[in-house]
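Keep the picture in view as you read.

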Amino acid sequence: MVRGLLIRGMLAGLVAGVLMWAFGLAIGEPQIRSAIAFEESVSPPSDEAPLVSRSMQETLGLLTGTIVYAVAIGGIFALVFAGVYGRIGRARPRVTAATLGLAAFVVIAFVPFLKYPSNPPAVGLDETIAFRTRVYFVMLLLSVVAAIAAVRLGRDAVKRLGAWNGALVGVGGYLALVVIASLLMPAVKEMPEGFSPDVLWHFRLATLGTHAVLYATLGLAFGALAERWITQAQGGAAGRYRTSSPSAGALRS
């Protein structure tokens, strides 16, 4: 069962990677070109030729990166689905996958993005790259830990308060934890003078939109594939049980 879900998660990730590439090429790359043009206008051009041309970066390079990333996330998504399916509520596989996709987008992409939004080229100092990377991943880790704690809190609350109130307690607990974490984490504000705020805004929207494409595709495409696979697997298991049962043989005779 898990192997079949893993394969389908990676297939859904492959589809998501292609869609991410198309979205990034159409929406994100124009903002990157504008940011690079600003960077070249305020700093002396380098005499060294780039290892990979810009045309290669935004076509084959971007496609390769999105596919590899999305297939890996799709596999992890399938494993998490296999772990939570049937253990948190009794929803259909499609509903479970869609809910998991929405939760993953909020926890992994949206909440860390609110604190540390992505920046295009020319935004941010070279000497702070390592620091900005560390604090982003710390915020991501805190968001994941808060989500795990909120799930445990919500499951306990459901037993005492019912499904609806228990879910509200879990969501409220997650929000409280991430707000506290966001307030405690250091702020990063590095905006060069003269940089277009429109370019920055649209680049960040494109980044968030790319993640939305990923998790929406995983939630919907994987959900459809998983439901069909689980239905077939359960039907086959039921058929084998009836065949091997002595009473089943008597019923057919």
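The report below starts with the pockets and then turns to the helices.

This is a predicted model, in which local features need pLDDT of at least 70 and side-chain atom pairs count only at pLDDT 80 or more, while totals for chains, interfaces and linings use all residues. Residues are numbered from 1 along each chain as its sequence is written, and side-chain values use heavy atoms, with hydrogens and water left out.

**Pockets**

A pocket is an open set of points on a 1 Å grid over the protein atoms alone, where a 1.4 Å probe fits and protein lies on both sides within 12 Å along at least five of seven lines; lining residues have an atom within 4 Å of a point. A volume is the space filled by probe spheres set on the points.

| Pocket | Volume | Lining |
|---|---|---|
| Largest | about 1700 Å³ | 42 residues |

Nearest the centre of the largest pocket lie Thr99, Leu100, Ala103, Ala147 and Val151. Two or more lining residues come from each of α2 (54-84), α3 (93-115), α4 (129-161), α5 (163-184) and α6 (197-244), and α4 gives the most, with twelve. Helices here are DSSP runs (H or I, at least four residues), numbered from the N terminus. The lining of the largest pocket has 31 nonpolar, eight polar and three charged residues.

Asp, Glu, Lys and Arg count as charged; Ala, Val, Leu, Ile, Met, Phe, Trp, Tyr, Cys and Pro as nonpolar; and the others, Gly among them, as polar.

After α2 comes glycine 86, with a positive phi near 85°.

Which residues of α5 are buried (under 20% relative accessible area)? They are Gly166, Gly170, Gly173, Tyr174, Val178 and Ala181. These residues are on the same side of α5 because they cover an arc of only 120° around the axis, taken from the directions from the helix axis to the C-beta atoms. On the other side of α5, Trp164 and Leu183 are exposed (over 50%).

Technical notes
Buried < 20%, exposed > 50% of the residue type's maximum accessible area, 1.4 Å probe, protein only.
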